[in-house]
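I opened a new structure today and kept short notes as I went. Here is what I looked up.

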Amino acid sequence: MSELILIDPGHGGKDPGGGSNQYWKEKDLVLKISLYQYKRFKELGYPVKLTRDKDVYLSPAVRTSIVKNSGAKYCISNHINAGGGDGVETIHSIYADDKLAKMLADAIVSEGQNLRRVFTRTLPYNSKQDYYYMHRDTGAVNTTIIEYGFADSKRDDVEQLLKQWENYAEAVVKAFCKHVGHPYKSPKKEEKKVKIQSQSKIDTNQILYLAQILHQEGEGTGKGKWALQQLKKELT
Ligand SMILES: [Zn+2]
């Protein structure tokens, strides 16, 4: 049986998130990413839930209790970074191995993003506790925080996130399916609109040539009559 994945769009409501800039608010971009992933897991027949599906504020206590009580085995917490770096980061709990976190980061890298780091962090005064509450207070749920890139990057993250967020979101879905052994299919691509070449393509050079003859010869001559006939053929 497939085990539930919970997708957590970070921030929301009165908390826009630090990974915001002139183009987006972190809470909105991570909601877009999360709703996309939710839709894709549904399509793939994998059990999925969201911590929020609209622009609402969830306090850390509420958010972690949703995660803890969701019955999920996995949680992916989607974020956009800030602080002037560049590249993707994934963060796993000190109580989880780095396998899934590495796979998710590698998947985003395979879509053109650069890797900043895959890491884990403890409280400064307690090496037995995770630094991030999404790890510390979410019980046995295997939570991975994904920072897709930096909102204030001096390099290419802003452009990449604007253009590639959907590919990064998809890469995470694909890598997760691989991790849990769930069959994966690429999303349906929009059918390419094939331009059907017109069968009755008008040959302008031929028309100009015939018109010139008609003009020079006039309708009275044999050559002129022929040119007129040919012209009618060309134009009907
Ligand atoms: Zn965030």
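The entries below go from the overall layout to single residues.

**Entry 1: layout**

I noted at the start that this is a predicted model. I looked up how the chain is divided. I found domain 1 at 5–180 and domain 2 at 204–235. I then checked the distance between their centres. Taken over C-alpha atoms, the centres of domain 1 and domain 2 are 71 Å apart.

Next I turned to the UniProt record. An unreviewed entry there places the feature "domain: MurNAc-LAA" at residues 5–175. I looked at the make-up of that stretch. Residues 5–175 are 36% helix and 25% strand. The end C-alpha atoms of the stretch lie 13 Å apart.

**Entry 2: the zinc ion**

Which residues are the protein donors of the zinc ion? I listed His11 through NE2, Glu26 through OE and His79 through ND1. I wrote down the spacing of the donors in sequence as H-x14-E-x52-H. His11 sits in the loop between strand 1 (5–9) and helix 1 (26–43), and His79 sits in strand 3 (residues 74–81), so this pair ties together parts 68 residues apart in sequence.

Are the two histidines buried or exposed? His11 has 17% relative accessibility, so I put it down as buried. His79 is buried too, with a relative accessible area of 13%.

**Entry 3: salt bridges**

I searched the whole structure for salt bridges and got 12. I followed up a few of them.

I took Glu3 and Lys73 to begin with. Their side chains meet in a salt bridge at 3.7 Å, N to O. The pair links distant parts of the chain. Glu3 is in the segment before strand 1, and Lys73 is in the loop between helix 2 (60–68) and strand 3, 70 residues apart. Glu3 has 35% relative accessibility and counts as partly exposed. Lys73 is partly exposed as well, with a relative accessible area of 37%.

I moved on to Glu170 and Arg40. Their side chains form a salt bridge of 2.7 Å, N to O. This pair also joins distant parts of the chain: Glu170 belongs to helix 5 and Arg40 to helix 1, 130 residues apart. Both Glu170 and Arg40 are buried. I also saw that Arg40, Glu43 and Glu170 are linked in a network of salt bridges.

Asp98 forms a salt bridge with Lys102, and the closest N and O atoms are 3.3 Å apart. Asp98 counts as partly exposed at 30% relative accessibility. Lys102 is partly exposed, with a relative accessible area of 42%.

**Entry 4: the nonpolar cores**

I reminded myself that in soluble globular proteins nonpolar side chains tend to be buried together. I then looked for such groups here.

How many residues does the largest nonpolar core have? I counted 34. Ile5, Phe41, Ile80, Ile146, Tyr148 and Phe176 have the most contacts inside it. At least two core residues come from each of strand 1, helix 1, strand 2 (48–50), strand 3, helix 3 (99–109), strand 8 (142–150) and helix 5. Helix 5 supplies the largest share of this core, 11 residues. Apart from this core lies another one of 10 residues, among them Leu4, Leu6, Phe119 and Val141.

I picked Ile5, which lies in strand 1. Ile5 is buried, with a relative accessible area of 0%. Beyond four places in sequence, Ile5 touches residues including Phe41, Tyr46, Val48, Tyr74, Ile76 and Phe176. I also checked Ile5 against Pro60. They are 55 residues apart in sequence and 19 Å apart in space, C-alpha to C-alpha.

I went on to Phe41. Leaving out residues up to four places away, its contacts include Ile5, Ile7, Val173 and Cys177.

I finished with Val172, which is placed in helix 5 (residues 157–180). Val172 is buried, with a relative accessible area of 0%. Setting aside neighbours within four places in sequence, Val172 is in contact with Gln37, Ile76, Leu104, Ile108, Ile146 and Tyr148. Val172 and Gln37 are 135 residues apart in sequence, and their C-alpha atoms are 8.1 Å apart in space.

Key:
Residues numbered from 1 in each chain as written. Predicted model: local features only at pLDDT ≥ 70, side-chain atom pairs only at ≥ 80, totals over all residues. Heavy atoms only, no water. UniProt positions renumbered as here; feature names shortened; annotations may be inferred. Helix = DSSP H or I, 4+ residues; strand = E, 2+ residues; numbered from the N terminus. Donors = N, O, S within 2.8 Å, 3.2 Å for Na, K, Ca; no water. Buried < 20%, exposed > 50% of the residue type's maximum accessible area, 1.4 Å probe, protein only. Contact = heavy atoms within 4.5 Å. Domains from an automatic or database assignment. Salt bridge = Lys/Arg side-chain N within 4 Å of Asp/Glu carboxyl O. Core = buried A, V, L, I, M, F, W, Y, C linked by side-chain atoms within 4.5 Å.
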